[in-house]
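This report goes through one protein model part by part. Please look over the sequence and the structure before reading on.

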Amino acid sequence: MGCFSLKRCLILAGLIVTVFGVMFLTMPTYAKVEFPNGRYEEWSENNIVFYNPDADDSEPVDDCEYETGEVEGVDAADLVWNWLINNGLDGKPEAIAGVLGNIQTESGFNPFIRNGSGCLGIFQECDQKVGLKDYLVSKGIDPDSGSHTSEDVKNAIIAELEFAFINKGSQGYLSSLDKPTNKAGATGARAYADLFLVKYERAVYYDGCGSKCQELEDPGVKQLTSTRLYQGAASRRTNAENFFNQYKDKGGVTGGIQEGQCSDGGQPEFGDPTPGGSEGDADDLIAQYNALTSDQYAMYGITSSNCAGGWKSNCVSFTKWFASKFGGKGTISGVGNGRDAADRLAAMGFPRTNTPGPYTVFSVETGTTMCGDRLCGHTGVILAVTEDGKFITGEAGCSATVSGAYKKVRTMDYFVKGNAKFVTGFSVGGS
């Protein structure tokens, strides 16, 4: 039966997804598998999503510089981590974590699990499920035998990694590691989870939704390309971030966002700030922002906001105004939420710094407001640094009682606790 309207197509797609969901819930229970450390996994408890053979390119975002190391393998995730380090992803822990996050959502690391359509393995191969089975059989492993040893499990996982990353080349994932998607504010391991979903797994929930995509999003379904929604995106992101932190704790990740900034694998080390600027200068810049009229918003990238105080009461609006007015790159938009602003500006060419000074944009992971499944965070601009090392900032905030921007006095402790990121490159009055 054909689709004669977008609405009818979407309804039909929803019915199909519902039917598939019932199929997943009624799947037979699979045997538990014992790993060398005695840990058990109940594979049938993991949700499986369908493979879709279509994909789009993703958007660029700034990368990080890390070092990776093998860990003592005690479970399936450790086996995958070590294999990927030795097969093209050394020094790319976020990319590895993105793969692990997808595997956890797809199969829970069970190489023998099938879904209702017979899709097979840790990546739930569908279009080449027969080819994958033949490859496993060629290695002496029958995925459908119903009886497997722990050694079978390990050998099958390695064989399926070979099939995906060597035989199939991950269908563009390895060649696209410099262009992870940054949709919906995803950065780091979360962005690489999106990239692997778009470039390899391609579990498309809706195709061709266009301008309706955002309306159809829900906590588990995200718009990652211009016309498509992808399923399981939220869990893949969360899993990837958790794996990244797990392997940081295990010693598999060292280094940081840039050389000299994160020597312990995550905690920023900030240099001593150089005093400069003045409280009067800060007052003047904040007054300039607060004097904006609605017909000027567009030239500074300021768009609609759900803040009670209006458009100018959004922290991102103040940062976009400052970057657009003093950054020398024209109108700045697309900086994400507060916690994403510095990363997005760095991706646009603004240099990072670990020594915050006057006219430095900052992003911090603070507050309790959630944007989807992660903290929205906060952003603002350091406008002056006092002789005693205090920071005079210009900020706006939805939760503030002030309409528009306001002045704050911050300490280095605030930035350290907020895991702050900084960018510079703004020229204010010859600065």
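## Strand E9 and its neighbours

Strand E9 and strand E15 (residues 421-423) run antiparallel and are joined by three bridges. Helices (H or I, at least four residues) and strands (E, at least two) are DSSP runs, numbered from the N terminus, and two strands pair if DSSP finds at least two bridges between them. Val 361 has Val 423 in E15 as its bridge partner. E9 is also joined to strand E12 (residues 378-385), by five bridges and again antiparallel. In E12, Ile 382 stands opposite Thr 360.

This is a predicted model, in which local features need pLDDT of at least 70 and side-chain atom pairs count only at pLDDT 80 or more, while totals for chains, interfaces and linings use all residues. Residues are numbered from 1 along each chain as its sequence is written, and side-chain values use heavy atoms, with hydrogens and water left out.

How much of E9 is covered? Five of the five residues of E9 (residues 360-364) are buried, where buried means under 20% relative accessible area, exposed over 50%, and partly exposed in between (1.4 Å probe, protein chains only). Thr 360, Phe 362 and Val 364 point one way from the strand, Val 361 and Ser 363 point the other way, and all are buried.

## The six-stranded sheet

E9 belongs to an open sheet of six strands with antiparallel pairing, in the order E8-E15-E9-E12-E13-E14. Strand E8 (352-353) and E14 are the edge strands, each pairing on one side only. Helix H10 (residues 315-326) packs on the sheet and touches E9, E12 and E13. The direction of H10 makes about 50° with that of E12; axes are lines fitted to C-alpha atoms, for helices over the stretch in contact, and angles run from 0 to 180 degrees between N-to-C directions.

Helix H9 (residues 279-290) lies across E12, E13 and E14, and runs at about 145° to E14. Contact here means heavy atoms within 4.5 Å.

Strand E13 is largely enclosed by the rest of the structure, because five of its five residues are buried. On one side of E13 are Phe 391, Thr 393 and Glu 395, on the other Ile 392 and Gly 394, and all of them are buried.

E12 and E13 form a hairpin with five residues between them. Gly 389, in the turn, has a positive phi of about 85°. The two strands pair in the antiparallel sense over four bridges, and Phe 391 in E13 is the bridge partner of Val 385. E13 is joined to E14 by five bridges, also antiparallel, with Val 409 in E14 as the bridge partner of Ile 392.

Arg 410 is in strand E14 (residues 406-410). Is Arg 410 buried or exposed? Arg 410 counts as buried because its relative accessibility is 15%.

The side chains of Arg 410 and Glu 395 are joined by a polar contact of 2.9 Å. A polar contact is a pair of N or O atoms within 3.5 Å; within protein, one must be able to donate a hydrogen and the other to accept it, and residues adjacent in sequence count only if both atoms are side-chain atoms. Not counting residues up to four places away in sequence, Arg 410 touches His 378, Lys 390, Phe 391, Thr 393, Glu 395 and Phe 415.

## Nonpolar cores

The largest nonpolar core has 40 residues, and Phe 123 and Phe 165 have the most contacts inside it. Helices that each supply at least two residues of this core include H2 (76-89), H5 (150-167) and H8 (233-249). A nonpolar core is a set of buried Ala, Val, Leu, Ile, Met, Phe, Trp, Tyr and Cys residues joined through side-chain atoms within 4.5 Å.

A second, separate core has 33 residues, among them Tyr 297, Ala 323, Leu 383 and Val 423.

## An exposed residue and the whole chain

Glu 67 is in strand E3 (residues 65-68) and counts as exposed because its relative accessibility is 57%. Leaving aside neighbours within four places in sequence, Glu 67 is in contact with Gly 252, Val 253 and Thr 254.

The protein chain has 12 helices and 15 strands. Of its 431 residues, 50% are buried.
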